[in-house]
Amino acid sequence: MNAPYDCLVIGGGPAGLTAAIYLARFRRRLALIDAEESRARMIPLSHNFPAWPEGISGVELLSRLKQHAQRYGVTAIPMTVEHLAANTDGHFTARARDLEIHAKTVLLATGTVDIEPPLPNPQGATRDGYLRYCPVCDAYEVIDRRVAVIGWNDRAVREALFLRTFTAALTLLTLGHEPGFSDPNRENAARAGIAIVAEPIHRIGFEQAQVTSLYGANGKIYRFDAIYAALGCRNRCDLAVALGAEHDAEGGLKVNAHMQTTVPGLYAAGDVVSALNQISVATGQAAIAATAIHNRLRD
């Protein structure tokens with residue numbers, strides 16, 4: 001058996017690539033496996049990632065991070081890790097198709113998957129900037145615009161109330177689902193002037209490259225400048241959970257100050273961690289995790 005890698009990084013989004021850059025600069029022997037499904041690739045233009053005042057697309061950001069990692073000899077292996085096991089010697093074994101990798105430590109940067117609304121071509125609408133998932137990221141760009149929030153539980157109300165700082169033209173769309181809003185949140189929405197439309201939506205259209213039109217079951221047309229989906233997300237935490245790693249109710253992995261999960265030698269960074277889902281947070285967590293891994297191996 002070949003000597004184990006110092007670290008196996010699973011996931012090639014901003015967190016995984018940042019960790020790979022740090023580990024390579026620490027002169028650590030590492031492998032990076034990437035399923036090429038980072039949600040960052042869907043970002044049309046990010047204006048809140050520092051040092052990019054004109055904005056940068058998710059595709060461009062990932063490309064630059066890959067180039068940076070390649071500068072230090074790190075190239076991602078385009079595969080999906082199907083199984084991860086903890087060995088009796090404290091090391092790990094990962095399998096991806098016919099590839100088997102042994103590593104002293106593992107850094108999970110597997111991210112999360114947004115739950116898409118039942119509308120036609122949601123991925124295309126996301127890439128074009130009409131359908132959004134993160135008001136923390138881009139609510140500044142919808143100041144005083146007409147905005148809809150899709151959802152039928154208290155999560156959607158909280159997101160609409162968050163957006164109320166930026167615009168008063170807010171509508172909650174339940175898409176025909178029975179609203180499950182608590183009485184306090186329903187009252188909060190009413191006080192904030194947030195409209196609620198409960199009828200099903202049959203079609204979505206784009207006009208003038210900006211205006212989004214939703215066609216209701218009764219023939220009414222609703223027009224918005226942006227739509228936010230507030231349906232939650234699914235964390236890609238299965239590999240860690242199978243090893244016994246603790247997580248919160250939504251699947252976010254619990255980590256300590258060094259980004260280590262409750263499984264010794266297993267670290268995590270980025271959206272798979274229970275924290276604020278932001279690129280800047282993910283890269284910061286990756287830097288902490290990579291440094292902790294280096295020090296663990298050095299000691």
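Analyst: Happy to. A cavity here is a set of points, on a 1 Å grid over the protein atoms alone, where a 1.4 Å probe fits but cannot get out; a pocket is an open set with protein on both sides within 12 Å along at least five of seven lines, and lining residues have an atom within 4 Å of a point. Grid points are joined across faces, edges and corners, and a volume is the space filled by probe spheres set on the points. This is a predicted model, where local features need pLDDT of at least 70, side-chain atom pairs count only at pLDDT 80 or more, and totals for chains, interfaces and linings use all residues. Residues are numbered from 1 along each chain as its sequence is written, and side-chain values use heavy atoms, with hydrogens and water left out.

User: Got it. How many cavities of 30 Å³ or more turn up?

Analyst: The search of the whole structure gives 1. The largest cavity holds about 50 Å³ of space.

User: What lines the largest cavity?

Analyst: Its lining has 10 residues, with L119, A125, L131, I204 and I227 nearest the centre. By class that is 8 nonpolar, 2 polar and no charged residues. Ala, Val, Leu, Ile, Met, Phe, Trp, Tyr, Cys and Pro count as nonpolar, Asp, Glu, Lys and Arg as charged, and the others, Gly among them, as polar.

User: And the second largest pocket, which residues line that?

Analyst: T18, I21, Y22, F49, W52, L61, R64, L65, H68 and T283 do, around a volume of about 160 Å³. Helix α2 gives the most, with 4 residues, and α1 and α2 each supply at least two. Helices (H or I, at least four residues) and strands (E, at least two) are DSSP runs, numbered from the N terminus. The class count for this pocket is 6 nonpolar, 3 polar and 1 charged.

User: Changing topic: how many residues are in the largest nonpolar core?

Analyst: There are 55, and L8, V106, L107, L108, L253 and L266 have the most contacts inside it. Such a core is a set of buried Ala, Val, Leu, Ile, Met, Phe, Trp, Tyr and Cys residues joined through side-chain atoms within 4.5 Å. Beyond four places in sequence, L8 is in contact with A31, I33, A94, I101, A103, T105, V106 and L107.

User: Now T171, buried or exposed?

Analyst: T171 counts as buried because its relative accessibility is 12%. T171 lies in strand β9 (residues 170-173), and its contacts beyond four places in sequence are V147, A148, V149, I194, A195, V197 and F224.

User: Where does A169 sit?

Analyst: A169 is in the loop between α5 (154-163) and β9. With a relative accessible area of 33%, A169 is partly exposed. Its contacts beyond four places are R145, R146 and V147. The C-alpha atoms of A169 and R145 are 6.6 Å apart, although 24 residues separate them along the chain.

User: Last one: what does L161 touch?

Analyst: Leaving out residues up to four places away in sequence, L161 touches N185, N188, A189, A192 and I194. L161 lies in helix α5 and is partly exposed, at 27% relative accessible area.

Terms used
Buried < 20%, exposed > 50% of the residue type's maximum accessible area, 1.4 Å probe, protein only. Contact = heavy atoms within 4.5 Å.
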